[in-house]
Amino acid sequence: MAELLRTKARKPQYCSLGPVAFLLIMLFLVFFGAGILSPRMPMLGTRQEGAGEAAEKPISLPVVTLPRYSVFKGHLPIRMVYPQPKVLTPSRKDVLVLTPWLAPIVWEGTFNIDILNEQFRVQNVTIGLTVFAIKKYVVFLKLFLETAEEHFMVGHKVNYYVFTDRPADVPRVPLRGGRRLLVLQVPGAARWQDVSMRRMETISRFCAQRFLHEVDFLVCADVDLRFRDHVGVEILSARFATLHPGFYRAARRAFTYERRPRSRAHIPRDQGDFYYVGAFFGGSVAEVQRLTSACHRAMTADRANGIEAVWHDESHLNRYLLDHKPTKVLSPEYLWDEQLLGWPAVMEKLRCVAVPKDHREIRHR
């Protein structure tokens, strides 16, 4: 009986541990089982790549920086609706639209100006347009500026930089908002060739003094032109040049490169991509500074060697662009002479055209 009582006395103590142990087991399964059964965890018997490293250092997620838009300047992103580009449908079938070094060649039909305008609008860019109105060439300035106001970089900020030896003769032309006319006095020259060649030195110098601080892109144009149709941000690139209207169909052997090996502008007859016109080129300010500085140094070296390139600064421009390919090439739409060349069907638009003139009368007065 005593043994039975002792057994009965111990039994409640033994049985009372059951619920406690059961509770502990359930808690163990809840906390540890949840991790094992979680779908985010790898299956048993597998190892995710980098799992060891993840246990030793915190996980870092990639950071994506989105474009900044200024509410105060009106640069809010907008929703654009435009036709989808089709991979198997070329924009133009009648012309080359891409160079062998993958620079686009800009023709009508190869770009959507609405998309491009928005891309440059949110960057809040300012474009500089340089033009030289030396001696009698100042007579072309009024038409140049008036047509530029109508067609050049409409909707964007523009600084017109007019280099002239006759600041009093610069016409007053009404300008759109966000556009400025700055007259920069420079000396004249006895020969028109010297005026042309000094342009490289002057642009290079003003890039360092002003342009790098005032504009994002530079367009360098001759004054005896007029804008006839849209010329906008589709031309902008780090370094752009324009196909010469007289040579865009020609073989390289027919190009009027400088062929004398003594000149720094020399290009052999078996070399050359295109022939670029010196009347319309540009790019970022830094790139234009490099281009004009290099051309000026080459012309200075030629002068020291008693030689002058056949087409002066244009010859040196072509030499430079052979070695430093343009990042964008403009079709002859951007500089055409309708009086000499008519209007061929391949030119769907004539955007910038030469003004008819008597070269002998203008250059020698």
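Are Phe247 and Phe255 buried or exposed? Both Phe247 and Phe255 are buried (under 20% relative accessible area; exposed is over 50%, partly exposed in between; 1.4 Å probe, protein chains only).

This is a predicted model: local features need pLDDT of at least 70, side-chain atom pairs count only at pLDDT 80 or more, and totals for chains, interfaces and linings use all residues. Residues are numbered from 1 along each chain as its sequence is written, and side-chain values use heavy atoms, with hydrogens and water left out.

**View 1. Phe247 and Phe255 form an aromatic pair.** Rings of Phe, Tyr and Trp (its six-membered ring) pair if their centres lie within 6.5 Å; planes under 30 degrees apart are stacked, over 60 edge-to-face, the rest tilted. This pair is edge-to-face, at 6.2 Å centre to centre with 85° between the planes.

**View 2. Five rings form one aromatic cluster.** Its members are Phe132, Tyr161, Phe163, Phe206 and Phe211.

**View 3. The largest nonpolar core has 40 residues.** Such a core is a set of buried Ala, Val, Leu, Ile, Met, Phe, Trp, Tyr and Cys residues joined through side-chain atoms within 4.5 Å. Among those with the most contacts inside it are Leu141, Phe152 and Ile235. A second, separate core of 39 residues includes Ile203, Cys220, Tyr276 and Trp336.

**View 4. Ile235 and its contacts.** Contact means heavy atoms within 4.5 Å. Neighbours within four places in sequence are left aside. Ile235 then touches Met153, Val219, Phe240, Phe280, Lys328, Leu330 and Tyr334.

**View 5. Lys325 lies over the face of Trp101.** Lys325 is 5.2 Å from the ring centre. The rule: NZ of Lys or CZ of Arg within 6 Å of the ring centre and within 35 degrees of the ring normal.
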